[in-house]
Amino acid sequence: MGMTQIAPPRITPGQLVTTVSEVMGVPRPTVAVIDRQLSEAGLRSKGGRGLSAAAMTPTDAANLLIAVAVARADLSAADATAKYRAGAFQDHAFDLEGEFARPKGNWRLDWGSSPVFDLKPYHSFGEALDHMVALSVSGELVERLVQGAEVALAKAASREGIYVDVGVDFDDWGVGILVVAGWGEHTRYRTGRVDHPGDLKVSRSFSLKSIEAVGALLGGRAPMSVPEHLRKADVHLDV
């Protein structure tokens with residue numbers, strides 16, 4: 001007989017709001033207002049109250065992470081999330097030695113026996129973040145990263161470390177969003193121009209810690225952490 005599969009718990013909007021508030025360090029009332037805006041705009045699963053409340057999905061979690069990261073007084077969470085989700089994949093990536101063209105075909109990060117990421121060409125930023133949260137539901141994202149990093153470490157002359165960092169910039173030239181996946185390489189998504197109200201330039205980011213926190217919540221498990229010897233030294237990016 002095969003092993004019995006245990007269904008993940010049914011996570012409500014309130015539980016997701018609490019986890020995002022705690023892991024991102026944003027007051028819960030602020031996250032709750034953002035969540036309500038997403039619900040009203042159709043960017044979060046809807047249901048009733050109590051036992052009939054909507055069950056949260058990886059896309060719901062990804063949208064809330066994006067919204068909290070990009071929320072501004074002059075830009076609604078719903079408008080910002082819709083625009084940032086559509087950020088277009090750029091066919092050039094960057095590593096410690098500079099810019100390089102990615103091979104044609106799917107975006108893959110191949111470490112170990114299976115790709116950490118395997119997404120269609122020219123996917124959106126929202127699809128990439130959905131994919132990462134979905135992998136985190138079972139803990140598979142951290143497992144793949146750690147497995148691959150161990151392989152890379154054995155072959156590397158120097159250790160760069162393992163991390164995933166999502167950065168959001170507001171500037172006069174539009175918005176660049178980076179998904180960083182270990183060993184100094186990162187990939188850019190671009191939304192096009194997002195109007196900025198003044199001369200102040202803003203940069204925000206969240207890391208694998210936030211992605212793993214919401215994935216673990218949806219999967220009904222405790223968040224995993226990357227082994228100390230594989231972590232990047234910069235504490236901002238640590239899990």
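## Basis and overall make-up

The model is predicted: local features need pLDDT of at least 70, side-chain atom pairs count only at pLDDT 80 or more, and totals for chains, interfaces and linings use all residues. Residues are numbered from 1 along each chain as its sequence is written, and side-chain values use heavy atoms, with hydrogens and water left out.

The protein has seven helices and eight strands. Helices (H or I, at least four residues) and strands (E, at least two) are DSSP runs, numbered from the N terminus. Of the 239 residues in the protein, 47% are buried. Buried means under 20% relative accessible area, exposed over 50%, and partly exposed in between (1.4 Å probe, protein chains only). Among contacts between residues at least 6 apart in sequence, 64% join residues at least 24 apart; contact means heavy atoms within 4.5 Å.

## Helix 1 against helix 3

Helix 1 (residues 13-24) packs with helix 3 (residues 58-70) at an angle of about 45°, and their axes are 11 Å apart. Axes are lines fitted to C-alpha atoms, for helices over the stretch in contact, and angles run from 0 to 180 degrees between N-to-C directions. The two helices are therefore oblique to each other. Angles under 35 degrees count as roughly parallel, over 145 as roughly antiparallel, 65 to 115 as roughly perpendicular and the rest as oblique.

On the helix 1 side, Leu16, Val17, Val20 and Met24 meet Asp60, Ala61, Leu64, Leu65 and Val68 of helix 3. The residues of this contact comprise eight nonpolar, no polar and one charged. Ala, Val, Leu, Ile, Met, Phe, Trp, Tyr, Cys and Pro count as nonpolar, Asp, Glu, Lys and Arg as charged, and the others, Gly among them, as polar.

## Helix 3 against helix 4

Helix 3 also packs with helix 4 (residues 77-85), at an angle of about 110° and with the axes 9 Å apart. That angle makes helix 3 roughly perpendicular to helix 4. Helix 3 contributes Thr59, Ala62, Asn63, Ile66, Ala67 and Val70 to the contact, and helix 4 contributes Ala77, Ala80, Thr81, Tyr84 and Arg85. By class, the contact has seven nonpolar, three polar and one charged residues.

## Residues around helix 3

Ile34 lies in helix 2 and is buried, with a relative accessible area of 6%. Not counting residues up to four places away in sequence, Ile34 touches Leu64, Ala67, Val68, Ala71 and Ala77. Ile34 and Leu64 are 30 residues apart in sequence, and 7.6 Å separates their C-alpha atoms.

Leu43 is in the loop between helix 2 (28-40) and helix 3. Beyond its neighbours within four places in sequence, Leu43 is in contact with Leu38, Asp60, Asn63, Ala78, Thr81 and Ala82.

Rings of Phe, Tyr and Trp (its six-membered ring) pair if their centres lie within 6.5 Å; planes under 30 degrees apart count as stacked, over 60 as edge-to-face and the rest as tilted. Phe125 and Tyr189 form the pair, edge-to-face, at 5.7 Å centre to centre with 65° between the planes. Phe125 lies in helix 5 (residues 125-137) and Tyr189 in strand 7 (residues 186-190), so the pair ties together parts that are 64 residues apart in sequence. Both Phe125 and Tyr189 are buried.

Phe117, in strand 4 (residues 114-119), counts as buried at 1% relative accessibility.
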